[in-house]
Amino acid sequence: MSVPNLPPVVASSVRLAVLDMNGTTVVDGGAAERAVAEALASFGIEGDRLGAALEISRQSAGLDRTRVFEQLFPDDAATARAASRTFAAAYDRMIVGGCVEPVPGAEDTVHELRERGILVCLATGFGRHTQNSVLEALGWMGLADLSLCSEDAGRGRPFPDMVLTAVLALDVDDVRQVLVAGDTTADITSALRAGAGTAIGVLTGAQSEGELRAAGATAVVRSVADLPGLLPI
């Protein structure tokens with residue numbers, strides 16, 4: 001990783017931090033991909049077809065999981081919805097089995113942001129039940145000011161809806177006062193489309209520093225634990 005030590009790049013006026021969950025504040029040891037594979041296999045996708053489908057899923061990191069299955073079954077909406085439900089059930093089972101854990105320092109980062117008077121929203125492309133399962137498994141219910149999933153906002157990443165929903169829900173006056181942090185180009189694109197003042201890429205998840213910078217990231221850090229170091233003292 002070539003990420004240098006960075007000076008503060010976040011405006012002192014930041015009022016809201018929208019932090020992605022899987023890959024940014026939470027890791028699952030590849031469980032999400034295993035759940036995708038299980039869902040696809042249940043619909044007869046195996047061998048080379050399964051490998052190709054999983055590559056599409058990897059390239060779609062950060063997107064609404066429902067939208068990913070729509071890409072995998074472009075001509076069969078009913079199967080896409082059924083596969084999405086099968087994925088959610090498999091992933092929820094893995095969460096109960098203990099697959100998720102916090103990125104080191106993530107919880108401290110949330111506490112520090114809130115101590116500085118910055119509102120925090122935890123956002124995900126997974127469904128509401130799955131998001132709640134992750135929050136409960138980590139003991140994170142109530143950790144942030146708000147949690148949002150794609151269905152709460154209407155559309156998931158790369159659309160701006162989740163960022164804008166957080167702005168409205170938390171009464172932030174100006175979207176330029178929003179910082180978004182995530183591990184995918186979809187996180188960065190969503191932030192920029194919403195007009196967020198700061199879009200930070202992190203390297204604990206799906207995509208590389210080059211990919212995140214090419215998407216327009218304001219800065220790239222090794223981990224969400226480094227985020228407070230970008231804030232003015």
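Predicted model: local features only at pLDDT ≥ 70, side-chain atom pairs only at ≥ 80, totals over all residues.
Me: Is H1 oblique or roughly parallel to H3?
Reply: Helix H1 spans residues 31–42 and helix H3 residues 65–72, and their axes lie 13 Å apart. The two pack at an angle of about 40°. Angles under 35 degrees would count as roughly parallel and 65 to 115 as roughly perpendicular. The angle therefore makes H1, relative to H3, oblique.

Me: How many charged residues does the contact of H1 with H3 have?
Reply: H1 contributes Val 36, Ala 39 and Leu 40, while H3 contributes Arg 65, Phe 69 and Leu 72. By class, the contact has 5 nonpolar and no polar residues. The charged count is 1.

Me: How many nonpolar residues does the contact of H1 with H2 have?
Reply: On the H1 side the contact is made by Glu 33, Val 36, Ala 37 and Leu 40. On the H2 side it is made by Leu 50, Ala 53, Leu 54, Ser 57 and Arg 58. Sorted by class, there are 1 polar and 2 charged residues, and the nonpolar count is 6.

Me: Of what kind is the aromatic pair of Phe 43 and Phe 73?
Reply: The structure holds 5 aromatic pairs, and Phe 43 with Phe 73 is one of them. Their centres are 6.2 Å apart, with 65° between the planes. Planes over 60 degrees apart count as edge-to-face. The pair is accordingly edge-to-face.

Me: How many residues apart are Phe 43 and Phe 73?
Reply: Phe 43 sits in the loop between H1 and helix H2 (47–59). Phe 73 sits in the loop between H3 and helix H4 (77–96). The pair links distant parts of the chain, and the separation in residues is 30.

Me: How far apart in sequence are the parts tied together by Phe 69 and Phe 87?
Reply: The ring centres of Phe 69 and Phe 87 are 5.8 Å apart and the planes lie at 45°, so the pair is tilted. Phe 69 is buried at 0% relative accessibility, and Phe 87 is buried at 3%. Phe 69 lies in helix H3 and Phe 87 in helix H4, so the parts tied together are apart in sequence by 18 residues.

Me: Which residues do ring pairs link into a cluster?
Reply: The tilted pair of Phe 69 and Phe 87 belongs to the cluster. Ring pairs link Phe 69 and Phe 87 with Tyr 91 and Phe 126.

Me: Which residues does Ala 61 contact beyond its neighbours in sequence?
Reply: Ala 61 lies in the loop between H2 and H3. At 14% relative accessibility, Ala 61 counts as buried. Leaving aside neighbours within four places in sequence, Ala 61 is in contact with Thr 184, Ala 186 and Ala 206.

Me: What is the C-alpha separation of Val 110 and Leu 19?
Reply: Val 110 is in helix H5 (residues 106–115) and is buried, with a relative accessible area of 1%. Among the residues Val 110 touches, not counting those up to four places away in sequence, are Leu 19 and Val 120. Val 110 and Leu 19 are 91 residues apart along the chain, and their C-alpha atoms are separated by 9.0 Å.

Me: What is the relative accessible area of Asp 171?
Reply: Asp 171 lies in the loop between H8 and strand E6 (178–182). Although not a glycine, Asp 171 has a positive phi of about 60°. Asp 171 is exposed, with a relative accessible area of 59%.

Conventions: Residues numbered from 1 in each chain as written. Heavy atoms only, no water. Axes fitted to C-alpha atoms, helices over the stretch in contact; angles between N-to-C directions. Helix = DSSP H or I, 4+ residues; strand = E, 2+ residues; numbered from the N terminus. Parallel < 35°, antiparallel > 145°, perpendicular 65-115°, else oblique. Contact = heavy atoms within 4.5 Å. Nonpolar A, V, L, I, M, F, W, Y, C, P; charged D, E, K, R; others polar. Phe/Tyr/Trp six-rings, centres within 6.5 Å; stacked < 30°, edge-to-face > 60°. Buried < 20%, exposed > 50% of the residue type's maximum accessible area, 1.4 Å probe, protein only.
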